[in-house]
Amino acid sequence: MHSTKSEKIVLEMKMLTFLKDWMLPIAMVMGVIIYFTYKAIPFTPSARSVIVGSISIIQPSLIASMLFLSFCKVKFTDLKITRWHIYLLLFQVGIFSLGALLLMFIPHNAYTILIEGAMLCIICPTATAAAVVVSKLEGSAASVVSYTIFINLAVSVAIPLGVSMIHPTAGVSFMSSFLLILQKVFPLLLGPLIAALAIRQFMPKLHAALIKYPNLPFYLWAVALSLAIAMTVKTIVHSNLSSVFHVGIATVSLLSCFIQFYLGRKIGRVYNDEITAGQALGQKNTILAIWLGYTFFTPVTAIAGGFYSVWHNLANSYQLYEQRKAKERQKRL
């Protein structure tokens, strides 16, 4: 009886490990299946409108829930700003702002989509899962969590400002447009932080119950990613862009990924925190990027976030592989 129970636990652990290792491709395939299933079923126009409207509510709710559960694990007394945090923040906000200014003064054409895709890849906040990868690579988890919070604060203002500049609403003033977008972005990024602080301070029992389920954000991430990919596929199917521009967006996201990992590690090396800074700048909350793309930018730019998800996971896989190989070499010595 005891043996059977142990075997069941081992099997569950193996299944969980398999899902974690392969969740990215599984979630992406599921997203494609969801969209084409939705397209194949003969829903009435009103039913399709309800489904799309529901996803527009569910998607940000999942993102907010992921951030909330991740922030619940944070001891805010451990959060400190370092000099490399400032340089990374200046890079992300600065490049995004330059892109927005550039788009203000050039006519809108297909090439602006590539610029928007790059802007999206640069400004996207650090992934909430970055702390896990940083810990495995023997970096500073507390430092990357600190940066995650600081970049979310910066993005909550930078995105509304940038979008108001490059996609002004007809008949609406810049300030009104900015405040309208701020109302959508600010609660999504900062609401979870405030809620986590309040729960930790005033509802310790609830806080203790929430952190008992460390894998819950992972499952929410899987669902959110599938929905994000489904919406991205919908955008691609209905776009008039040629495959050349799709390849162009993939290339832009690849270059953005390489530059950010490289630059983050180079800046971090100066302050003896190479791994942490590299992950803080390179590993992104790509589900948020996809949502931001099809909600506020030219919708097809959402695929930049989808491609970036592939690139940064390949980068993480390579780094973890190199880490394992290095440990094996040390054991042999």
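A search of the whole structure, a predicted model, finds ten aromatic pairs. Rings of Phe, Tyr and Trp (its six-membered ring) pair if their centres lie within 6.5 Å; planes under 30 degrees apart count as stacked, over 60 as edge-to-face and the rest as tilted. A pair of aromatic rings is described by the distance of the centres and the angle of the planes. Because the model is predicted, local features need pLDDT of at least 70 and side-chain atom pairs count only at pLDDT 80 or more, while totals for chains, interfaces and linings use all residues. Residues are numbered from 1 along each chain as its sequence is written, and side-chain values use heavy atoms, with hydrogens and water left out.

One of the pairs joins Tyr-35 and Tyr-38. Their ring centres are 6.3 Å apart. The planes stand at 45 degrees, and the pair is tilted. Both tyrosines belong to helix H1 (residues 2-40). Helices are DSSP runs (H or I, at least four residues), numbered from the N terminus, and strands are runs of E of at least two. Tyr-35 and Tyr-38 are three residues apart, so about one helical turn separates them. Tyr-35 and Tyr-38 are both buried. Buried means under 20% relative accessible area, exposed over 50%, and partly exposed in between (1.4 Å probe, protein chains only).

A stacked pair is formed by Tyr-87 and Tyr-271, because their planes lie at 25 degrees with the ring centres 6.3 Å apart. Tyr-87 sits in helix H3, whereas Tyr-271 is in the loop between helix H10 (243-270) and helix H11 (274-282). The pair therefore ties together parts that are 184 residues apart in sequence. Tyr-87 is partly exposed, at 41% relative accessibility. Tyr-271 is also partly exposed, at 31%. Tyr-35 and Tyr-38 also belong to one aromatic cluster with Phe-36 and Phe-43.

Helix packing was examined next. Helix H3 (residues 83-104) packs with helix H6 (residues 141-166) at an angle of about 15 degrees. Their axes are 10 Å apart. Axes are lines fitted to C-alpha atoms, for helices over the stretch in contact, and angles run from 0 to 180 degrees between N-to-C directions. H3 and H6 are therefore roughly parallel to each other. Angles under 35 degrees count as roughly parallel, over 145 as roughly antiparallel, 65 to 115 as roughly perpendicular and the rest as oblique. The crossing of H3 and H6 is right-handed. A crossing is right-handed if the near helix is turned clockwise from the far one by less than a right angle, and left-handed if anticlockwise.

Residues of H3 that meet H6 include Trp-84, Leu-88, Phe-96 and Met-104. Among those on the H6 side are Tyr-147, Phe-150, Ala-154 and Ile-166. Contact means heavy atoms within 4.5 Å. The H3 and H6 contact holds 17 nonpolar residues, five polar and no charged. Ala, Val, Leu, Ile, Met, Phe, Trp, Tyr, Cys and Pro count as nonpolar, Asp, Glu, Lys and Arg as charged, and the others, Gly among them, as polar.

Ile-86 also lies in H3. Ile-86 is partly exposed, at 41% relative accessibility. Ile-86 and Phe-150 are 64 residues apart in sequence, with 9.3 Å from C-alpha to C-alpha. His-108 lies in the loop between H3 and helix H4 (110-123). His-108 is exposed, at 56% relative accessibility. His-108 and Ile-166 are 58 residues apart in sequence and 9.4 Å apart in space, C-alpha to C-alpha.

The axes of helix H7 (residues 174-202) and H12 come within 13 Å and cross at roughly 170 degrees. H7 and H12 are therefore roughly antiparallel. Ile-181, Lys-184, Val-185, Leu-188 and Leu-189 in H7 meet Leu-288, Trp-291 and Phe-296 in H12. This contact has seven nonpolar residues, no polar and one charged. Thr-286 is placed in H12 (residues 286-296). Thr-286 is buried, at 3% relative accessibility. Beyond its neighbours within four places in sequence, Thr-286 contacts Cys-124, Gly-305, Tyr-308, Ser-309 and His-312.

Backbone angles were also considered. Most residues other than glycine have a negative phi. Glu-138, not a glycine, has a positive phi of about 65 degrees. Glu-138 is in the loop between helix H5 (130-136) and H6, and is exposed at 56% relative accessible area. Asn-272 has a positive phi near 55 degrees. Asn-272 lies in the loop between H10 and H11, and is exposed at 75%.
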